[in-house]
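Biologist: I am new to this structure. Could you walk me through how to read it?

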Amino acid sequence: MQPADPRGKRVAVVGGGLVGALNACFFARRGFSVDVYEAREGCAIAVSITNRDIRVASFARGRSINLALSHRGRQALRAVGMEEQIVSKGIPMRARRIHTPSGKKYSIPYGKKNQYILSVDRANLNRELLTAADKYSNIKLYFGHKLVGCDAELGTLTIKRHGRIDPRDPLVFRSDQQPLQVTYDLIVGCDGAFSTVRKEFMRQTRFNYSHEYIPHGYMELTIPPKDGDFAMEPNYLHIWPRNTFMMIALPNMDKSFTCTLFMPFEEFEKLTTGEQVLDFFQTHFPDAIPLIGERELKHDYFLLPAQAMISVKCSSYHLASRCVLMGDAAHAIVPFYGQGMNAGFEDCLVFDELMDQFCNDLGACLPEFSRLRVPDDHAISDLAMYNYVEMREHVNSTWFIFRKHVDNFLHTLMPSTIVPLYTMVTFTRIRYHEALQRWKWQNKIINRGLFVMGAAGLGGTCLLIRRLPRDLDFCMENLWGWPRYLKNMGNFLFGTQVA
Ligand code: FAD
Ligand code: EGU
């Protein structure tokens, strides 16, 4: 294959969020000339833009404050030499800490000592990625530049500049009348769940698209530090599983925790006064009240409305050899596996691996990227949705603890045969669709094992019964129902899994 020379080739990365900023680094390392267009202002992200002041402003609210970073995301960061820098500002979470309604707590480790996930601050991660991108001489960052349309066949972007031009002078506002038109060899759409780049794909034939809003919303609340220290054990992912209602909390570097309360919008709307909020917490999350603070809880609940969660699926991810989607633009998923960003980072890494394999030939890489990545991103999307339904329908704290123990027990018993799904997803780079297949296969094995054990137990029982002729009639009557009972029991125990 003729190696294509990236030098002189121009790439536009649309979106300077987590995935866009990382992707810019990947393309720059290959020698492409990269322009990043980000709708937000640089000062809103507080990046040190060359020759400009660093300005700290409030980060656009509404997205999650912290995120769980795991193996796939770390591998992508490692490939651009940023793993250590990010990991050092993350807090290891080595186990889940389950809070029961009565206030009891249980820990269930994620795995061995070296198997932990990290709680990272989204704003800081975004800032560090953009700052790293800004250090490449072949990357240019354009903040306050919003993509309003594009022509994927020609590689042309239509961009509107808006807002403040000089972050030091809040009075200088400029909104260009004339949108910019710029042409690139490759357009990379990293502009999130409501992607403008993806809109262009919608006009193509044979482009598949679907989206779904789930009935649940989420709201973030803060547990401040207590006496200058963490108010709960820091190195855990704290979970309050209550079926329909669920809360989780991740630690922050400033010794606070960010709680995320998940519940149906309907339920959010039912709570209209501070007293009602307090009553609700008294019933479902009593131990969280003193941690958040009664007054703060009554107040913070009404600061922001509950946020929606959308699941977006589409295919293919590329258009000719000109345009490709990555991250949430390609696959927004519900957060119930903690994999959205990790999957988006892995997109960048997979594309980079393909660029190696195909010597920077975009015409070969783009179709191959869709071919490889669509089944994997669809698999993690399905798994996240499945886990949402599962948690919502069956998972209280007892069930959660029981399921995780069963998984871990079977894994210890047969370490290479049974690997828990969350382990494959969180601590390996096994392709998501393979993890999903393997999980289904494992469940079959477990069901069979259980059935055999049940049958053996039943056989033993029959032999016993034969020695007790008096009760035989009675027992035979009931026996016929047993195999089905056992099979159902198997499905009940193992067929569906909290993963
Ligand atoms: P975004 O972060 O949405 O970035 C898109 C960027 O594009 C933004 O900066 C936006 O301003 C810009 N943009 C949009 N439109 C335009 C335009 N027209 N022109 C120019 N710029 C534009 N993932 C995990 O891995 N672990 C977790 O623990 C986790 N927890 C989550 C919890 C919640 C409650 C939610 C909602 C999500 C969670 N996620 C998690 C998912 C994660 O937030 C996303 O997958 C991730 O932010 C995707 O990054 P992105 O860069 O693709 O999109
Ligand atoms: C949701 C929102 C526990 C951050 C899924 C586990 C999440 C995160 C779990 C959010 C759960 C759920 C897993 C990780 C992680 C668990 C996981 C979910 C981080 C199956 C900031 N999920 N999340 N599973 O196993 O694999 O601990 O907002 F409650 S990290 Cl829903 Cl590993």
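This is a predicted model: local features need pLDDT of at least 70, side-chain atom pairs count only at pLDDT 80 or more; totals for chains, interfaces and linings use all residues.

Biologist: Start with ligand 2. Which residues come nearest to ligand 2?

Modeller: Begin with the shell of residues around the ligand. Here ligand 2 has 21 residues around it, and Arg96, Tyr110, Ile248, Pro335 and Phe336 come nearest.

Biologist: Which polar side-chain atoms lie by an oxygen atom of ligand 2?

Modeller: Look for pairs of N or O atoms within 3.5 Å. A polar side-chain atom of Arg96 lies 3.0 Å from a ligand 2 oxygen. For Tyr110, an N or O atom of the side chain is 2.7 Å from an oxygen atom of ligand 2. The backbone takes part too: a polar backbone atom of Tyr337 is 3.5 Å from a nitrogen atom of ligand 2.

Biologist: How much of ligand 2 does the protein bury?

Modeller: Compare the ligand alone with the ligand in place. Alone, ligand 2 exposes 630 Å², and the protein buries 96% of that.

Biologist: What kinds of residues make up the shell around ligand 2?

Modeller: Sort them by class. The shell around ligand 2 has 15 nonpolar, 4 polar and 2 charged residues. Several elements supply at least two shell residues each, among them strand 14 (236–242), strand 15 (245–251) and helix 12 (362–394).

Biologist: Now ligand 1. How many residues are around ligand 1, and which come nearest?

Modeller: Ligand 1 has 29 residues around it; Glu38, Arg40, Ala68, Arg122 and Asp328 come nearest. A backbone N or O atom of Ala68 lies 2.7 Å from a ligand 1 oxygen. Met341 has a polar backbone atom 2.9 Å from an oxygen atom of ligand 1. Asn342 uses its side chain, with a polar atom 3.0 Å from an oxygen of ligand 1. On its own, ligand 1 has 1000 Å² of accessible area, and the protein covers 88% of it.

Biologist: Which elements give two or more residues to the shell around ligand 1?

Modeller: They are helix 1 (18–29), strand 2 (33–38), strand 3, strand 9 (145–151) and helix 11 (340–357). By class, the ligand 1 shell holds 11 nonpolar, 11 polar and 7 charged residues.

Biologist: Back to helix 12. How far apart are its end C-alpha atoms?

Modeller: Check length against residue count. Helix 12 has 33 residues, so at 1.5 Å a residue it should span 48 Å; its end C-alpha atoms are 46 Å apart, which agrees.

Biologist: Where does helix 12 bend?

Modeller: Compare the axis before and after a residue. Helix 12 bends by about 35 degrees at Arg373, and Pro375 follows within four residues. At the helix start, a side-chain oxygen of Asp361 comes within 3.0 Å of the backbone nitrogen of Gly363.

Biologist: How many aromatic pairs are there?

Modeller: Read ring distance and plane angle together. The whole structure has 21 aromatic pairs. One of them, Phe245 with Phe280, is edge-to-face, at 5.0 Å centre to centre and 85 degrees between the planes. Phe245 is in strand 15 and Phe280 in helix 8 (residues 274–284), so this pair ties together parts 35 residues apart in sequence.

Technical notes. Residues are numbered from 1 along each chain as its sequence is written. Chains are lettered from A and ligands numbered from 1 in the order in which they are written. Side-chain values use heavy atoms; hydrogens and water are left out. A residue is near a molecule or strand if one of its heavy atoms lies within 4 Å of it. A polar contact is a pair of N or O atoms within 3.5 Å; within protein, one must be able to donate a hydrogen and the other to accept it, and residues adjacent in sequence count only if both atoms are side-chain atoms. Accessible areas come from the Shrake-Rupley method with a 1.4 Å probe; for residues, only the protein chains shown count as cover. Ala, Val, Leu, Ile, Met, Phe, Trp, Tyr, Cys and Pro count as nonpolar, Asp, Glu, Lys and Arg as charged, and the others, Gly among them, as polar. The expected span of a helix is 1.5 Å times one less than its number of residues. The bend at a residue is the angle between axes fitted to the seven residues ending there and the seven starting there. Rings of Phe, Tyr and Trp (its six-membered ring) pair if their centres lie within 6.5 Å; planes under 30 degrees apart count as stacked, over 60 as edge-to-face and the rest as tilted.
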